[in-house]
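Please look at the sequence and the structure shown below, and keep both in view while reading the report that follows.

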Amino acid sequence: MPTILEAITKRSSKRSYLPKPVSKEIQEKILKAASMTPSGANMQPWVVYAVSDKNVLKNIGDAIIEKMDAGVEHDQFIQYYPIKWKNPYKKRRIETGVGLYTLMEVDRKDTAKRTEMWHDNFRWFGASTVFFVFTDEALIDNAQGALIDCGAYMQSLMLVAKEFGLDTCPQGSTTEFGKVVAGVLKTPDNLALLYSVVIGYADESAKINSYQPSRVSLEDNVTFI
């Protein structure tokens, strides 16, 4: 069993999974533990759709890819990435992408292969379960607290998953097509998709799962006073 420190420092996002299902019992234990995440005024603003139905997952993926193929860049509730990238964040983004494609030996001009890899996001990397996390739109109307709380909730989900020998991949890619996801799931009109978390048993033999992006030094983002 990993310690908290090990769970944090050793986890990485996995992008290839075995078809082995995650039992509902384990899902419930993970979600129950994550529900203890603190939130402002105890709002508990997260609303989760835990989807393991293969047809539903396929329908969501198909709907997103259809939008992409039609030239739609996003159909979202919230803007995840910055409109204007600036350094050092732009540099980190580029380095991360280059590192992943280099590992997989994908040429930057190989548009077909790069598109295929991007579509893998919406095939859930072969995993059988995805947690789609929503919040009430009223909570993020000119306010950001619920977004912070739901970000903490994401981390809780991913760390608790390690307790059960599971790996995860948080997805901002679905954030960009949140309204498509909501449409397929037929969620209530007041809910806005924030992100999804793929969860399952990682394929340890998959080359892509060896990828671990670098982290900046403590001196780059911490000031001691």
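Ser128 touches Pro19, Lys20, Pro21, Val22, Val51, Ser52 and Leu57, when residues up to four places away in sequence are not counted, and contact here means heavy atoms within 4.5 Å. This residue belongs to a predicted model, in which local features need pLDDT of at least 70 and side-chain atom pairs count only at pLDDT 80 or more, while totals for chains, interfaces and linings use all residues. Residues are numbered from 1 along each chain as its sequence is written, and side-chain values use heavy atoms, with hydrogens and water left out.

Ser128 has its place in the loop between helix 5 (111-119) and strand 2 (129-136), where helices (H or I, at least four residues) and strands (E, at least two) are DSSP runs numbered from the N terminus. With a relative accessible area of 13%, Ser128 is buried; the word buried stands for under 20% relative accessible area, exposed for over 50%, and partly exposed for what is in between (1.4 Å probe, protein chains only). A polar atom of the Ser128 side chain lies 3.5 Å from the backbone oxygen of Lys20.

**Gln27 and its surroundings**

Gln27 lies in helix 2 and is buried, its relative accessible area being 8%. Apart from residues up to four places away in sequence, Gln27 touches Val22, Ala50, Ser52, Thr129 and Phe131. The side chains of Gln27 and Ser52 are joined by a polar contact of 3.1 Å, a term for a pair of N or O atoms within 3.5 Å, of which, within protein, one must be able to donate a hydrogen and the other to accept it, and for which residues adjacent in sequence count only if both atoms are side-chain atoms. Ser52 is also among the residues that Ser128 touches. Gln27 and Ser214, by contrast, are 187 residues apart in sequence and 30 Å apart in space, C-alpha to C-alpha.

The axes of helix 2 (residues 24-34) and helix 6 (residues 145-163) come within 9 Å and cross at roughly 135°. Axes are lines fitted to C-alpha atoms, for helices over the stretch in contact, and angles run from 0 to 180 degrees between N-to-C directions. Ile30, Leu31, Ala33 and Ala34 of helix 2 make the contact with Tyr153, Ser156, Leu157, Val160 and Ala161 of helix 6. Sorted by class, this contact of helix 2 with helix 6 has eight nonpolar, one polar and no charged residues, where Ala, Val, Leu, Ile, Met, Phe, Trp, Tyr, Cys and Pro count as nonpolar, Asp, Glu, Lys and Arg as charged, and the others, Gly among them, as polar.

Helix 3 (residues 54-69) and helix 7 (residues 178-185) have axes that come within 9 Å and cross at roughly 140°, and the two helices are therefore oblique to each other. Helix 3 passes helix 7 in a right-handed crossing. The contact is made by Val56, Asn59, Ile60, Ala63, Ile64 and Lys67 of helix 3 and by Val180, Val181, Val184 and Leu185 of helix 7. By class, the contact of helix 3 with helix 7 has eight nonpolar, one polar and one charged residues.

Tyr153 lies in helix 6 and, at 2% relative accessibility, counts as buried. Leaving aside neighbours within four places in sequence, Tyr153 is in contact with residues including Leu31, Ala34, Trp46 and Tyr195. Thr168 has its place in strand 3 (residues 167-171) and is buried, with a relative accessible area of 2%. Outside four places in sequence, the contacts of Thr168 include Arg11, Tyr17, Met158, Ala161 and Val198.

**Backbone details in the loops**

The peptide bond from Asn87 to Pro88 is cis, with omega near 10°, and Pro88 lies in the loop between helix 3 and helix 4 (89-103).

Key
Parallel < 35°, antiparallel > 145°, perpendicular 65-115°, else oblique. Left-handed = near helix turned anticlockwise from the far one by under 90°.
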